[in-house]
Amino acid sequence: AAQVRFGDDYYDKQPNGTVFRGMTVNKKSIVESVIENLQKGEAVTTMESWSSDPRTAMKFAKGEIGEGNHGIMLRHVNKYGTPIEAMNGLDESEILQPSGVRYKVLSVRKKEWTETYNVKTGGQIREDHSMTEVILQAI
């Protein structure tokens, strides 16, 4: 699998209070739908789990936790979330965002690639992959 890393600036030099949410999905159309919904500025209808540790969120985005070939990495400076690490003990630096938060999309950056795998019965399988970073502002 391709190594996806946005660089040390991404991991180590974010503004204080930056939180991250990583997801992985099986279809590129779902990534596009997530971005479209965020761009509409509609309030989220459920509580969301974010992390103050970008490495934890990247595990979700890369599919190390969960499955899929299309990763989404969201980030914003926390405005409404509450740390709950002391309650869940999962070592994920979890920040719980309340329902009703709305976001403004500040930028979208995407990396796409194709991987080819050999199969035991002969032949090859090609899979499309992507990693999308969305920078948000809670409004």
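Reader: Which residues of helix 3 are buried?
Author: In helix 3 (residues 54–61) they are Pro54, Thr56, Ala57, Met58 and Ala61. Buried means under 20% relative accessible area, exposed over 50%, and partly exposed in between, with a 1.4 Å probe and protein chains only. Helices (H or I, at least four residues) and strands (E, at least two) are DSSP runs, numbered from the N terminus.

Reader: What is this based on?
Author: This is a predicted model, in which local features need pLDDT of at least 70 and side-chain atom pairs count only at pLDDT 80 or more, while totals for chains, interfaces and linings use all residues. Residues are numbered from 1 along each chain as its sequence is written, and side-chain values use heavy atoms, with hydrogens and water left out.

Reader: Where is confidence lowest, and where highest?
Author: Helix 1 (residues 8–12) is lowest, at a mean of 52, and strand 3 is highest, at 95. The protein averages a pLDDT of 86, and 89% of the residues score at least 70. pLDDT is the predictor's confidence in each residue, from 0 to 100. Where pLDDT is low, the predicted coordinates should not be read in detail.

Reader: Back to helix 3. What happens at its start?
Author: A side-chain oxygen of Asp53 reaches to within 2.9 Å of the backbone nitrogen of Arg55. The backbone nitrogen of Asp53 is in turn reached by the side chain of Ser51, at 3.0 Å. These are polar contacts: pairs of N or O atoms within 3.5 Å; within protein, one must be able to donate a hydrogen and the other to accept it, and residues adjacent in sequence count only if both atoms are side-chain atoms.

Reader: And what follows the helix?
Author: Gly63 follows helix 3, with a positive phi near 85°.

Reader: Ser51, then. Buried or exposed?
Author: Ser51 counts as buried because its relative accessibility is 4%. Ser51 is in strand 2 (residues 48–51). A polar atom of its side chain also lies 2.6 Å from the backbone oxygen of Glu92.

Reader: What else does Ser51 touch?
Author: Leaving out residues up to four places away in sequence, its contacts (heavy atoms within 4.5 Å) include Val19, Phe20, Thr56 and Ile95. Val19 is 32 residues from Ser51 in sequence, but their C-alpha atoms are 5.4 Å apart.

Reader: How does strand 1 pair with strand 3?
Author: They run antiparallel, joined by eight bridges; two strands pair if DSSP finds at least two bridges between them. Arg21 stands opposite Leu74 in strand 3. Six of the eight residues of strand 1 are buried, so strand 1 is largely enclosed by the rest of the structure.

Reader: What about Thr24?
Author: Thr24 is in strand 1 (residues 18–25), and is buried with a relative accessible area of 14%. A polar atom of the Thr24 side chain lies 3.2 Å from the backbone oxygen of Gly68.

Reader: Which residues have the most contacts inside the largest nonpolar core?
Author: Leu38, Trp50, Leu74, Tyr103, Val134 and Leu136, in a core of 16 residues. A nonpolar core is a set of buried Ala, Val, Leu, Ile, Met, Phe, Trp, Tyr and Cys residues joined through side-chain atoms within 4.5 Å. A second, separate core of seven residues includes Met58, Met73, Trp113 and Met131.

Reader: How many helices and strands overall?
Author: The protein has four helices and seven strands. Of its 139 residues, 38% count as buried.
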